Amino acid sequence: MKREVALAVLERDGAWLLQLRDDKESILYPGHWGLFGGHLDPDETPSEAVHRELLEEINWKPASPLKHWFTSQDGPRIAHVFRGWLSVPVEQLTLLEGQDLKLTSKYELRQGSIWSDRRSEARPIAPGLDQVIKRLLID
């Protein structure tokens, strides 16, 4: 049975918030740029999970619930993707999980790797982000 995750696509000023995942071999796509979010707890809805994960990972709660965008069952998991606006400047977020966070432009998303100011190096985009990037580029 595939595990389910809930992920947040957060937009601010025409850019999207990404998380640089930890360099832990025990996680999916270590050291890659991905979305904030995570696994659903037992008896938790995808919407509850994405909002819980945002509090746990960046200490932020949206003013109104994020809207479900799409669900993908490709790859090693079922991903419920939510979309919404980041209502605060990125500097007001507290990174509690991961190595870095960054607002990323469509141009950067097309490049396949993104510069991390905290790591002082470019890191790859997680392969699982392909579907999200394709949909964003259509918008």
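How much space lies in the largest cavity? I looked this up and found about 40 Å³.

I note that this is a predicted model, in which local features need pLDDT of at least 70 and side-chain atom pairs count only at pLDDT 80 or more, while totals for chains, interfaces and linings use all residues. Residues are numbered from 1 along each chain as its sequence is written, and side-chain values use heavy atoms, with hydrogens and water left out.

**Entry 1, cavity.** I worked on a 1 Å grid over the protein atoms alone, where a cavity is a set of points at which a 1.4 Å probe fits but cannot get out, and where lining residues have an atom within 4 Å of a point. Grid points are joined across faces, edges and corners, and a volume is the space filled by probe spheres set on the points. I counted 1 cavity of 30 Å³ or more. I listed its lining as Val 9, Trp 16, Leu 18, Leu 35, Leu 109, Leu 129, Val 132, Ile 133 and Leu 136. β2 and α3 are the elements that give two or more residues to this lining. The largest share, 3 residues, comes from α3. I take helices (H or I, at least four residues) and strands (E, at least two) as DSSP runs, numbered from the N terminus.

I then asked which residues of α3 (residues 130-138) are buried. They are Val 132, Ile 133 and Leu 136, where buried is under 20% relative accessible area, exposed over 50% and partly exposed in between (1.4 Å probe, protein chains only). These residues lie on the same side of α3 because they cover an arc of only 95° around the axis; the arc is taken from the directions from the helix axis to the C-beta atoms. On the face turned away I found the exposed residues Lys 134 and Ile 138. The cover over the buried residues includes β1 (3-12), β2 (15-20), β5 (67-72), β6 (77-85) and α2 (106-111).

I found 1 aromatic pair. Trp 69 and Phe 70 have ring centres 5.3 Å apart and planes at 70°, so the pair is edge-to-face. The rule takes rings of Phe, Tyr and Trp (its six-membered ring) with centres within 6.5 Å, and calls planes under 30 degrees apart stacked, over 60 edge-to-face and the rest tilted. Trp 69 is partly exposed at 24%, and Phe 70 is buried at 6%. I also found the charged end of Arg 83 over the ring of Trp 69, 4.5 Å from its centre, and that of Arg 135 over the ring of Phe 70, 3.8 Å from its centre. A charge sits over a ring if NZ of Lys or CZ of Arg is within 6 Å of the ring centre and within 35 degrees of the ring normal.

Most residues other than glycine have a negative phi. I noted Asp 13, in the loop between β1 and β2, with a positive phi of about 55°. Asp 13 is exposed at 70% relative accessibility. Tyr 29 has a positive phi of about 55° and lies in the loop between β2 and β3 (33-34).

I placed His 51 in helix α1 and found it buried at 18%. Beyond its neighbours within four places in sequence, His 51 is in contact (heavy atoms within 4.5 Å) with Pro 62, Pro 65 and Leu 66.

Technical notes
On a 1 Å grid over the protein atoms alone, a cavity is a set of points where a 1.4 Å probe fits but cannot get out, and a pocket is an open set with protein on both sides within 12 Å along at least five of seven lines; lining residues have an atom within 4 Å of a point.
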